[in-house]
Amino acid sequence: MTEVTIYHNPRCSKSRETLALIEAKGLKPRVVEYLKTPPSADTLSTILTYLNKPATELLRSKEQEFKELNLKNFSGSERELIELMVTHPKLIERPIVVVGNQARIGRPPEAVLEII
């Protein structure tokens with residue numbers, strides 16, 4: 001089987017539930033604590049391709065950084081928004097699970113079962 005990677009925040013209940021669900025399936029995912037080790041802009045761009053979503057749909061609009069950066073009215077490019085997410089990883093929705101060239105957001109955690 002292809003490696004399973006989870007972009008994880010251990011302080012987030014949905015992220016913990018998603019990790020537990022993956023492990024309950026007998027899988028040992030590569031865990032990336034994205035707040036400590038944010039994905040590169042290229043990696044995040046690839047993940048968005050796998051999700052088939054624009055960067056705006058991966059933004060956490062309730063985070064303080066969202067308000068401080070006035071992202072509700074963001075008018076820059078997709079690449080600029082991705083760069084902001086890399087610089088401010090709290091803005092990235094979590095958890096994200098990647099398997100091969102597929103990805104799912106673990107909200108709800110069971111959504112990742114489609115790809116594992």
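Is Asn70 buried, partly exposed or exposed? Asn70 is partly exposed, at a relative accessible area of 42%; buried denotes under 20% relative accessible area, exposed over 50%, and partly exposed the range in between, computed with a 1.4 Å probe on protein chains only. The legends below describe a predicted model, in which local features need pLDDT of at least 70, side-chain atom pairs count only at pLDDT 80 or more, and totals for chains, interfaces and linings use all residues. Residues are numbered from 1 along each chain as its sequence is written, and side-chain values use heavy atoms, with hydrogens and water left out.

View A. Strand 1 comprises residues 4–8; strands (E, at least two residues) and helices (H or I, at least four) are DSSP runs, numbered from the N terminus. Strand 1 is mostly covered, five of its five residues being buried. In a regular strand the side chains alternate between the two faces of the sheet. Here Val4, Ile6 and His8 point one way, Thr5 and Tyr7 point the other way, and all are buried. Strand 3 pairs with strand 1 in the antiparallel sense over four bridges, where pairing requires that DSSP find at least two bridges between two strands. Within this pair, Thr5 stands opposite Val98 of strand 3. Strand 2 (residues 30–33) runs parallel to strand 1 and is joined to it by four bridges. Val32 in strand 2 is the bridge partner of Tyr7.

**View B. The β-α-β unit.** Strand 1, helix 1 (residues 13–24) and strand 2 form a right-handed β-α-β unit.

**View C. The surroundings of Glu93.** Glu93 lies in the loop between helix 4 (78–87) and strand 3 (96–99). With a relative accessible area of 15%, Glu93 is buried. The side chains of Glu93 and Arg60 are joined by a polar contact of 2.8 Å. A polar contact is a pair of N or O atoms within 3.5 Å; within protein, one must be able to donate a hydrogen and the other to accept it, and residues adjacent in sequence count only if both atoms are side-chain atoms. Not counting residues up to four places away in sequence, Glu93 touches Leu58, Arg60, Ile105 and Arg107, contact being defined as heavy atoms within 4.5 Å.

**View D. Two cis peptide bonds.** Most residues other than glycine have a negative phi, and most peptide bonds are trans. The bond from Arg94 to Pro95 is cis, with omega near -15°. Pro95 is placed in the loop between helix 4 and strand 3. The bond from Arg107 to Pro108 is also cis, with omega near 0°, and Pro108 belongs to the segment after strand 4 (102–105).

**View E. Asparagine residues with positive phi.** Asn52, although not a glycine, has a positive phi of about 60°. Asn52 occupies the loop between helix 2 and helix 3 (64–68) and counts as exposed because its relative accessibility is 71%. Asn70 is likewise not a glycine and has a positive phi of about 50°; Asn70 is found in the loop between helix 3 and helix 4.

**View F. Thr46 in helix 2.** Thr46 is located in helix 2 (residues 41–51). Thr46 is partly exposed, with a relative accessible area of 33%. Thr46 and Lys28 are separated by 18 residues in sequence and by 22 Å in space, C-alpha to C-alpha.

How values were computed
Right-handed = clockwise from strand over helix to strand, strands pointing away.
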